[in-house]
Structures are given as structure tokens and as C-alpha cells.
Amino acid sequence: MSVGAATIEREGLSRLVSARAFGWLGVTLGVLAFWLVLPPVTARSPVVPLVMGGLGVLAGAWALREGAGRRLGGGAIAIAAIGILLGLLATRSSVEALDSVFVWSALIAATLRAATPLTFAALGGIFSERSGVVNIGLEGMLLMGAFFGFLGADKLGTWWAGALCGIVAGGSLALVHAFVSIHLRADQIVSGTAVNFLALGITGYFFIEVYTDQGTPGDVDFTPTVSIPWIEDLGFVGPAIGNMNLLIWVAILFVVLAHVVLFHTSVGLRLRSVGEHPKAADTVGISVYAVRYAAVVVSGALAGLGGVYLSNGITHSFNENLSAGRGFIALAAVIFGRWRPFGAFAACLLFGFTEALALRLPSAYGEDQAWTTLFRALPYVVTLIVVAGVVGRSIPPAAVGRPYTKQ
Amino acid sequence: MTSGPTVHQPGAAPEPDAGPDTAAARLARWHRAGGVVAPVMTALLAFLVGGLVVLATGSNPIEVYRGIWNGTGFEWFYRVGSHEVGLPFSDARVWFPWDPASRAAENLQQTLLITSTLILTGLAVAFAFRCGLFNIGGQGQYFVGAYVAIWIGSSFEGTNSFVHITFAIVAAALAGAAYAGIAGILKATVGAHEVITTIMLNWIAIYAGLYLFGQGGPLQNKEQVFSPTSNPVVEGAKLPVFWGDPFLQGLHAGLFIALGALVAFWVIISRTTLGYEVRAVGFNPDAARYGGISVARNYFLAMAIAGVFAGLAGAIDMLGWRFSIGFSDIQSSTIGFIGIAVALLGRNTALGVGLAALVFGALVNGTATRNIPPDVFDIPEQAGNLSLTIQALVLLFIGADILILWLWSKSGQRIGVGRRSPV
């Protein structure tokens, strides 16, 4: 009896493993469908993406049938379908244009640039949500950091003073969110939305108050670039990471730090316990309110730093609503990354890649090509697909979104 | 008793906080407290703090608010005199106590114009909220409705006016419904959070519009290449203006569409099975499911109906007074977002949304650049940011309902609110 059960279990297990393998095969084939038609391979026949993607769809469907789960199987089918579409588009455009868009080293550099504000905000989101507070307000905190980071660098003369201003501004806005949603036990989504509006109003107000309608000056101390000797002269790696902005390195460092803090220190354990079961945490003497306040303020400070990089490191200027929904994309990255720093970072790289791609299109195909505008929506479309694909399968902290009342 | 759904044992008390505590369920408890006093307090407090912000930046808040008040056109009501007015759609002229053509009347027309749109974008948020969904996508649904209305309104020249307008409005409403329905389906099938999906759909709608009507886009006006905009709505597709100058943005028939939508909202929510189910899901989806209501179906329907309201808002804006949509209009429009504040201040009820839309319509129009006297702000665009800040404060204070109720009761006692502690 027990032997039979074990055999059945083993067979079921091996069947599941092969189903998962098929799922990943589908994902790989979908990516190949697009990758093979790009430089350096540059296959020109539409058959290539069609066959590769078609096989990917089949593999995904098979995985779905064999019980690999909706997320992997459906994801493989979706990726393969997108791979076919993008692959077909690419075979129809000229080789010169493709060569000028897909300079991989430059594309990697642009991906890292675009992913960095998202990464900071996503790390903030992880801290906040792990402590049980939904932070829809990341968008507003990003915006506060962007404006006050720029203002600080402009008025105080150094970029790090500006960065400090941005961090404080993001943290202060987070404090409002924390007070309203922790002490006043407001609905965290309404409160977060309010905080976003508040940031729009405040930054818009002071932007016009300080810079009138002339726009921001260009002679500000921007965040510095780190040139690594040796590496910057290397062939492929040099242009990719040899001359990166300091804050990109900081972001990568923070990803590692956040992982260590969350999963290998007692502080992280307390934080997670408050987010999973606040009452139990309270019982063993952890102050739920204090932990949540700290986590939300840290999350605002991180998002603020992301904003500083956005204005002071990428655009080198500030405009009203500069953050443009990046806070929400970061929130999606948190979910996609299953509330883990490395997972969220990977998701940010994906979103960053789509943004980098969209930004490189106009220069290759000409500014007058209207359809390149349409590709600006790509990061948002990918976010939508990702959120639809993974939610339900990734499990949030148990107490997230629930106000806690002290006994 | 061995299979099937779990049944509570008679002895075991059901756990009080079982099931997801949705935003709507929590808000409903607040609805039952405070009466009309709380929203009024909320608005007053927001204006007060907004005044402090103005004070902090060195302007005189009383002057600013007087400027805004004059811009709203509400003074029209207390400027009583002896005037004659032509009855709409006829040649008869009758005595009327108010001047129909003064500057205040023009301002009031503008205020009501914005109010009409805000009623609809507010209802778009309110209807979803009654189902426990937070629809931040009103802006995107408004855009989709506006694009469709513009496209139909600027084509088919020479069609019968009534048919043309009806076709454009119905198509815009359906487009809004389909667009919001995407978020509804995703919520119903895979549980994707509607806040994130609707925000993403907003940005997708914006870039779709920038593509359609932008430089070289398929629907761009070919005669005005350098400031990209859509083709203008043809004469026959414009909504009739019943008060004021049709060429100076007089008040159009869209107001009646908005008022009709308020009635429709009340009827659906309070007097139909659909409304009952939507509210049941909003209070507690688990209990609703247990009672035999399809939660997924109601999530989809609630979003789709919300999209109808937002799509209508886009249609009456385009056919009523804007008549074209440009690159910069798409980038700067916030009318859908104000709908969130309207719905929450109006407590997601028909009457409340109507009144809150009037408050915010007045605020938006009063802070419009041309209405603020030049000596109040150094740069007139500031007033718009002040209005944004006040909206944010309203939202914040609504979120912090406990604060308001505490201020109201002064004693810190809960006023019959069911916000009990979890145990």
C-alpha cells in the first residue's frame, strides 16, 4: 500500500517536472523567436520567428495540459506569441535600423539606467509591504524625491546635498502615509492615492514658484558617473557598465543589502513577522506600530532616492509629473518579484529594458514615425501582462493592507 | 456533512473579521456614521489647510479664495435684478430675476460645464467602489470615450444630427465600458489588483492618443501639422447649447446626460437586482459568493458600467465644448482623477456625487488661470496646483475619517461606527 502510494507520488512528481521543463522550453523558444532576428544573428526570414514561436506556443500548451500551472504554461504561450509578433515586426524593418537600435552594450546601459529608479522604489515597496502596509504612494514619493533632489542640488550646490533633500522629502511624504494608515487606520489604498495627489500638488506648486515657467536650469551638480579604469576600455563590457552613474551601483548594492537585512537579520525577521501576523508579533513584544512606521518611512526614503536619480541622473531636469507612473510599475515589480529584492530587481530590469527599447526607436526610425510613440506604452503593456499572469500565484504577506489596532 | 462547504457549528461563534475586509465594506461603516456633517467638515478642513499652504508661500489666502469664488460664478445667484430671458428652443421672452448674460453667468456656465463631466467621472469611480473596486482608471476610460467621440464626431459629415450625436455618444460609452472591462475581467479571472491594472491602462490610453492624434498619426488633423491635434467635430455632431454663447463655451445639453446618469446610478444601485448584487459583493465577496452571487460576473459588470460613465464623460466633453483633442490636452488632462475625489467626498451616492462634483467643478473653474486676478499670484498657474493640493487634502481627510469624526465629536468617542477592534 505504502509502496504503491510512493510510486504514484514519484510518477506524479516526474510528470510535473517534465511539464515544468516544457513550460520553460516554451519561454525559451518565445525569447528565441525574437532574439534570432535581431543583431548579431539577424535572421531575415519571417519563417524563423513563426517556427520558433509556434513551437513555443505548443510547448506552453503541452505544459499547461500536463499540469505545470497556469502561470508557467500561460506565460510561455503569452511570451511565445509576443515573440512571434515582435520577431515579424523586426524582419520587416531594415537591417541598418535594427543595428542602430540593438546595440546590445548601449541597450544594457540604457536598461540599467531605466531600471534604477524602479529598483529603488520597488525595494521601498518591499519593505513597506513586508511590514503590512500597502504603499500605493510610491509614485508620489518618487516625484517628491525627483523635485526636491533637483532643487537641493541646484540651491545647495552639491548633488549629495540634493540627494539628501530628496530622501528627506520622500520620507516625509511617507510619514504622512504612515500616520494616516497606521495611527488613523485609514484605508491604505485611499491614503496612498491621496499622498500621490499631494505630491503632484506640492511639487507642481513649488516647481512653478521657484523656476517659474522658464524650466529648470542645466548647470546643476548632477549625480556623478563612475568610470572604472580597465573595465571601461573593454570591448563589450566597457560601454555597458564601464561608465555607469554612481546611483546605479548604489541601487545594485541596496538590492543585496535589502536581501541580507530582510532574510538574515533579526530586524528583517521582526519586519516580516509584523507583516505576516501582527498580533503574534505584538504578543512577543515587538512594537507593531514602530516597525510599520520605520518600514514605511524607509520605503519613502528609498523611493525618494529613486526620484533623485530620475531627475538628477537621467533627465537632468524636472517637469511636472516627471515620475509618469513609475511608482506603480515598481509596485508591479514587487508583486512579480514575489516580495523579494532579487526577484523585484529582475522584474525592474525587464521593465527597464522595454523602456530603453522604446526610447531608442525614434532615433533609429526617425522622429516623424508616429508608431514609435505607440511603443512608449510598452512598459505599461508588459506590466499589465505580468500582473495578470502572476497575481494569484504569488502570495503577499498575510497582513498586508490590514490596519492593526493595539490591544 | 462530510463534503460540501464548511458549515459553522452552532456553538462556535463566527470569526468577526473573517473574509477580506474590502475598502468598500470599511467605507460603508463610515457611511453610516457622521451623516452629512463629516463630508462637509472634510471639505472645510481641506480648504483651511489649503489656505495655510497659500499663507506659507506668502500670498493672502482670503484674497486667493475670494478670487476663486468670483471665478466660480456663484455670485450670479445673489445678483438679483430685473431681466428678460428667452426660453430655450423657442422665441418667447419672459421676466427673469437673474441676468442671463453677465460675466458671472458666463463663469457659472463654465462651472456647470466642468461639473457635468465631473459627475460622470465621479460616478465611474463611485459605481466600482460600491462593488469593492477602486477604479483609478477613470482617466483612461475618459480618454477612450473621447477618442471614439472625436473620431465619429469628426467623420460622417452630413448625417442627421440626432443620429450622429446618439451614435457618437453610444459608441463612446461602449468603448469606455470595453476598456474598463479589461480591468474587470483581469480582476474576475486572475485576481489582478484593479489599482495597478487601471493605472497601466491609463498610460496605455495616453500613449495610444498621442499616437493617434500626434505627429504623423492616423487621425491627426492634416491641416495643422505643427501643433498636432485631431480633426474638429463637424457642426452636426455638436451638442446643442441651451445657455450662453455656443462659440464661448456655453452650457450644452451634456448637463442633462450627466443628471440622467445620476438618476440611472441611483436606480441601478438601489432598485435593481444588479445593484443589490454589486453592493453585496462590495460589502463582503465571500458572503456574497456563499449566497449564490457570482463575484466574478459582478466585478466585470461593475467595471464595465463604471466605464460607461467615464466614456460618456469623454463624449460630452468632446461633442459639447472642446470639439477637438490635441497632443497637449492628452498630456495635461486630470478630469478623470478628480473623479476619485468627487466620488469619495460624495460618499459614492448619487446625490453626494452630484454635490461634490459641483464643489470640485467650482474649484477647478475658479482656479482656472483666467479667473484669478493677476495680483493674487505672481504666476497664475499656481492656482491650478492649489486646486490639486486641496483635492489631495480632501482625499487624505476622507482616508483619515477617524480624525474627522474625532474632531467632530471632540470627545474621541466612536459615533456609532462599527470600526471595532479585530477581536
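I call a residue buried if 20 or more other C-beta atoms lie within 10 Å of its own, exposed if 12 or fewer, and partly exposed in between, with C-beta atoms placed from the backbone. B:A46 has 23 other C-beta atoms within 10 Å, so I put it down as buried.

**Ground rules.** I am working on a predicted model, in which local features need pLDDT of at least 70 and side-chain atom pairs count only at pLDDT 80 or more, while totals for chains, interfaces and linings use all residues. I number residues from 1 along each chain as its sequence is written, and I letter chains from A and number ligands from 1 in the order in which they are written.

I located B:A46 in helix α2 (residues 37-56) of chain B; helices (H or I, at least four residues) and strands (E, at least two) are DSSP runs, numbered from the N terminus. I count two residues as in contact if their C-beta atoms, placed from the backbone, lie within 7 Å. Beyond its neighbours within four places in sequence, B:A46 is in contact with B:I390, B:L393, B:V394 and B:F397. I also checked B:L395: its C-alpha is 8.9 Å from that of B:A46, although 349 residues separate the two in sequence. With neighbours within four places again left aside, B:L395 is in contact with residues of chain A, namely A:V190, A:T193, A:A194 and A:F197, and with B:I340, B:A341 and B:L344 of chain B.

**Nonpolar cores.** I took a core as a set of buried Ala, Val, Leu, Ile, Met, Phe, Trp, Tyr and Cys residues joined through C-beta atoms within 7 Å. The largest has 240 residues, and those touching the most other members are A:A333, B:A302, B:F309, B:L312 and B:L395. Helix α11 (residues 295-322) of chain B gives the most to this core, 18 residues. Another core lies apart from it, with 21 residues, including A:A33 and A:F34.

**Chain contact.** I found 47 residues of chain B and 44 residues of chain A in the contact. On the chain B side, the helices that each supply at least two residues include α1 (23-32), α7 (194-213) and α15 (382-399). That side has 29 nonpolar, 14 polar and four charged residues; Ala, Val, Leu, Ile, Met, Phe, Trp, Tyr, Cys and Pro count as nonpolar, Asp, Glu, Lys and Arg as charged, and the others, Gly among them, as polar.

**Helix α14 of chain B.** I read 17 residues (350-366) and 24 Å from first C-alpha to last, close to the expected 24 Å, where the expectation is 1.5 Å times one less than the number of residues.

**Strand pair of chain B.** I noted that β1(B) and β2 (residues 93-98) run antiparallel, joined by five bridges; strands pair if DSSP finds at least two bridges between them. B:H83 stands opposite B:F96 in β2(B). Zero of the seven residues of β1(B) are buried, so this strand lies largely in the open. B:Y78 sits in the loop between α3 (61-72) and β1 (80-86), and counts as exposed because it has 8 C-beta neighbours inside 10 Å.

**Chain A overall.** I counted 17 helices and two strands. Buried residues are 52% of the 407 in chain A.
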